[in-house]
Amino acid sequence: MTIKLIQNRKNWVWPYVAILCFFVILPLVLIGIYAFTNQQGEFTIQNFVQFFQKSEAVNTFIYSVTIAVITTLICIVLGYPAAYFMAMQSFRTPAVMSMLFILPMWINFLLRTLATVELFHMFNLPLGEGALLFGMCYDFLPFMIYPIYNTLQKIDVSLLEASQDLGANRWETFIKVIVPLSLPGVYSGIIMVFMPTVSTFAISELLTQNKITLFGSLIQRSFGEGGITMWNYGAALSLIMLIIIGLTSFFGNDDNEDINRQA
């Protein structure tokens, strides 16, 4: 009986289902319950009303999205050329270059952030918005490079040769062939960078010495410093953040499907 259970591949799914239910679905359900209830457990939307009534919270949310967008754009500008030179056959680079981008990811991001703080102290540079953007890009740049790199690496070389045979120079081939075919990787990179940057709080607190508050910091303070009386409001903030991240993923997937069909 035990051997049959092991041999049946469907039974191997149940541990993953249990983990998914306990660590993903259950927390999301609890967030929804707390977000739409008050301290007495009664249904209310006052938690969301409280957010929109607080100009400081709304401004923090807008500022966090702005920082996330700027960080994502910087990562695209820096990451696309790096991924291109790593992937193109004419610019084939050794595996060492790939390892240089992977190595920082072996270290906990909190330790990397603390090292960045010390780096700014070493060169007597001020901690603030500039340090925040630098730390964000440093931590999340690999998440932009590798989706683009994987997409570029899969481009059929014959398409590039056909473009050149039809009279296109290298620049025209890059703009009209390589860039359109690499857009699915770019969209994947955007999602992988935008989602963590818009919700982070530790990086902003360390690299700005708590001078700049991001939306993730508001959520963290609601659950941490605010005590149990602020859990409902913190859950509402978390749900708003989840909706934004979900919409980003949804539209990103739609754009990816359209690009793949056109390709």
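1. A nonpolar core is taken here as a set of buried Ala, Val, Leu, Ile, Met, Phe, Trp, Tyr and Cys residues joined through side-chain atoms within 4.5 Å, where buried means under 20% relative accessible area with a 1.4 Å probe, protein chains only. The largest such core has 37 residues, and among these Leu-152 and Ile-178 touch the most other members.

2. This is a predicted model, in which local features need pLDDT of at least 70 and side-chain atom pairs count only at pLDDT 80 or more, while totals for chains, interfaces and linings use all residues. Residues are numbered from 1 along each chain as its sequence is written, and side-chain values use heavy atoms, with hydrogens and water left out.

3. The chain contains twelve helices and zero strands (DSSP runs numbered from the N terminus: H or I of at least four residues for helices, E of at least two for strands).

4. The biggest contribution is that of α7, with 13 residues.

5. Beyond its neighbours within four places in sequence, Leu-152 is in contact (heavy atoms within 4.5 Å) with Tyr-80, Ala-83, Tyr-84, Ala-87, Met-88, Ile-178 and Ser-182.

6. A second, separate core holds 19 residues, including Val-198, Phe-215, Ala-235 and Met-241.

7. Of the 263 residues in the chain, 37% are buried. The chain exposes about 15800 Å², of which carbon and sulfur atoms supply 68% (Shrake-Rupley method, 1.4 Å probe). Among contacts between residues at least 6 apart in sequence, 70% join residues at least 24 apart.

Methods
Buried < 20%, exposed > 50% of the residue type's maximum accessible area, 1.4 Å probe, protein only.
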